Amino acid sequence: MESIHQLKRADFIFRNENDWEKILGNALKRKNQDIIKELISSELKGRGGAGFPTGLKWKFASEAEADEKFIICNADEGEPGTFKDREILTKVPYKVLTAMAVCANIIGAKKGFIYLRGEYKFLKEELNKAIDEFHYYCNEINFDFTIKIFMGSGAYVCGEETALFESMEGKRGEPRNKPPFPTIKGYMGKPTVINNVETLAHVFTILKYGAKKFYDLGVQYSRGTKLFSVSGDTPKPGIYELELGMSLQDFVYEFGDGDTKAVQVGGASGFLVPRKNFKDAAIGFKGKLTGISLPTGGSMMLFNSSRSMFNVLDNYLKFFREESCGQCTPCRVGCQQLQMGIKAVKRGEKPSSYLTKLLRLAETMQLAAKCGLGQSVANSFSSIVDNFHEEMIY
Amino acid sequence: MNPIQTLIKELADVHGRRRESILPILQGVVEQEKYLSEDSMVEIAREIDIPASDVYGTATFYSFLEAKKMGKYVIRVCKTITCSMKGKNQVLLTIQEMLKIKLGDTTPDKRFTILETNCLGWCHKAPAMLINDEVYTELTPEKVREILSSYMKKNGQI
Ligand SMILES: Cc1cc2nc3c(=O)[nH]c(=O)nc-3n(C[C@H](O)[C@H](O)[C@H](O)COP(=O)(O)O)c2cc1C
Ligand code: SF4
């Protein structure tokens, strides 16, 4: 199959706009229904990984009845290979704050939080300055809304929305059962909208340029642009805003070092795509085009032929093993067994057929684990073991 | 009141005395004390009136809330995939050589602790490390030596 999509660079997110006061003022004057409709028609989907339509999320929260509601910006950014949210909060924090305020107005929240990972503590002071300035303006226009930063303390799983609520409530960051979903029962049991940093920045773009402008970018089911965090074996690591829907082939053509053997799309919890599948893989949300479509929080890690895929998988599994909250058995024991298992095969203590058993274990975890962490270990595990079977054994 | 009690009282005055106040209070104690002693956890429980086991349960979940006394400067070297590929081991070796301690240990003068940590979010500038809240990226053994020497001098060492 010839790839039809060229890489299309875009520049919305980091474009410095000095009119956030106007954008906010205008949005506060509009009818709530109006903005929700506009967001829905833009087809903006969450950029934190799960890809839930943002307009619908806001709509559900606005319809929920409660004496108190919250808007939370998820800045826990812990997925290996992701580093775009920090850049947004450093360079254009006012876009995120504006979108939070607009959301608050629509759903009826008076309080917002930014859950900032402990590793980004050095950002806190500057971000607080931006928030102070923002509060000052809200005060001026008599808009009752405050934002507070809540610091994380080094736990990847707290990026999972319900674990994040638990953490903010002063508990261990252990994910809850869903449903109920956050828009019904979130932080403190109240209806809560939780959005990724980048999602909120896109909302700003839509408020400023209109839904159509956003919708016209990207491809069917995957509209708009996305920030990609590019790292690994590439001559130009960094953060790039690209239209969704590109083929992995074109991506590697642009970012590879000429010897790319595989690309990990979506971080450790994403998929590994080997060279032979580059041309069939498109980067976007599910249900698009032909071939494989890969949803992604934007982490793109390139590996060239000097890398051992066994080491890569071992590194991921160690990560999951340490970051599993330990609450449910499939994940707690599964992550452990998968890592011990591939080591045993590598050392020749187990026959290569043992890998098949491990693949079944990963499948079981996908079905039985309580949250996205345990459920998605199978993504990288199966895609690496299937495609680089020999490297696992010899 | 002993200094820990005073510190916890001050933190509770700022962050409140509710269950939701625990994490900011714990973070505040670690920032000052470099770890959470049993005493401080019990004191927090008393101050906000919840079972000490709840404070302990929360505290032990988070990797940045150490229950072991750390040095004045906590060095956290990223060990996730890209940093590993781009020379994390040499970085770690250099630090260990300079400080003459092993991974996980604290120097006898209580100034430095070396730890590994998961993805710091600097993969495009790997390898990376944190010293307390400060980030250092694109590390090489030479660069690490320079950075560490400046910290050692800060302490009037060498
Ligand atoms: C283990 C795990 C870690 C996650 N980490 C993050 C994160 O760091 N940032 C984020 O925005 N979403 C993260 N998510 C997704 C959130 O649960 C949630 O879907 C997201 O914040 C919703 O925002 P969005 O709709 O704007 O994407 C994580 C999910 C899982 C299962
Ligand atoms: S899947 Fe893993 S991280 Fe998620 S709840 Fe279960 S043990 Fe915790």
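For the classes used in these legends, Ala, Val, Leu, Ile, Met, Phe, Trp, Tyr, Cys and Pro count as nonpolar, Asp, Glu, Lys and Arg as charged, and the others, Gly among them, as polar. Keep in mind that this is a predicted model.

**View 1. Ligand 2 and the residues around it.** Here you're looking at ligand 2, with 13 residues surrounding it. Cys325(A), Cys328(A), Cys331(A), Cys371(A) and Gly374(A) are the closest of them. Sort the shell by class and you get eight nonpolar residues, four polar ones and one charged one. As for the space that ligand 2 takes up, that's the largest cavity.

**View 2. The shell around ligand 1.** This time 19 residues do the surrounding, and Gly48(A), Lys57(A), Asn195(A), Asn196(A) and Thr199(A) are the closest. By class, nine are polar, six are charged and four are nonpolar. S4(A) gives the largest share, with three residues.

View 3. Zoom in on the oxygen atoms of ligand 1. One is 2.7 Å from a backbone N or O atom of Gly48(A). In the side chain of Lys57(A), an N or O atom lies 2.9 Å from an oxygen atom of the ligand, and the side chain of Asn195(A) also has an N or O atom 2.9 Å from a ligand oxygen. On its own, ligand 1 exposes 610 Å², and the protein buries 89% of that.

**View 4. The two assigned domains of chain B.** Now over to chain B, where the domain assignment gives domain 1 (3-61) and domain 2 (73-154). Taken over C-alpha atoms, the centres of these two domains are 29 Å apart.

Key: Residues are numbered from 1 along each chain as its sequence is written. Chains are lettered from A and ligands numbered from 1 in the order in which they are written. This is a predicted model: local features need pLDDT of at least 70, side-chain atom pairs count only at pLDDT 80 or more; totals for chains, interfaces and linings use all residues. Side-chain values use heavy atoms; hydrogens and water are left out. A residue is near a molecule or strand if one of its heavy atoms lies within 4 Å of it. On a 1 Å grid over the protein atoms alone, a cavity is a set of points where a 1.4 Å probe fits but cannot get out, and a pocket is an open set with protein on both sides within 12 Å along at least five of seven lines; lining residues have an atom within 4 Å of a point. A molecule sits in a cavity or pocket if more than half of its atoms lie within 2 Å of its grid points. Domain bounds come from an automatic or database domain assignment. A polar contact is a pair of N or O atoms within 3.5 Å; within protein, one must be able to donate a hydrogen and the other to accept it, and residues adjacent in sequence count only if both atoms are side-chain atoms. Accessible areas come from the Shrake-Rupley method with a 1.4 Å probe; for residues, only the protein chains shown count as cover. Helices (H or I, at least four residues) and strands (E, at least two) are DSSP runs, numbered from the N terminus.
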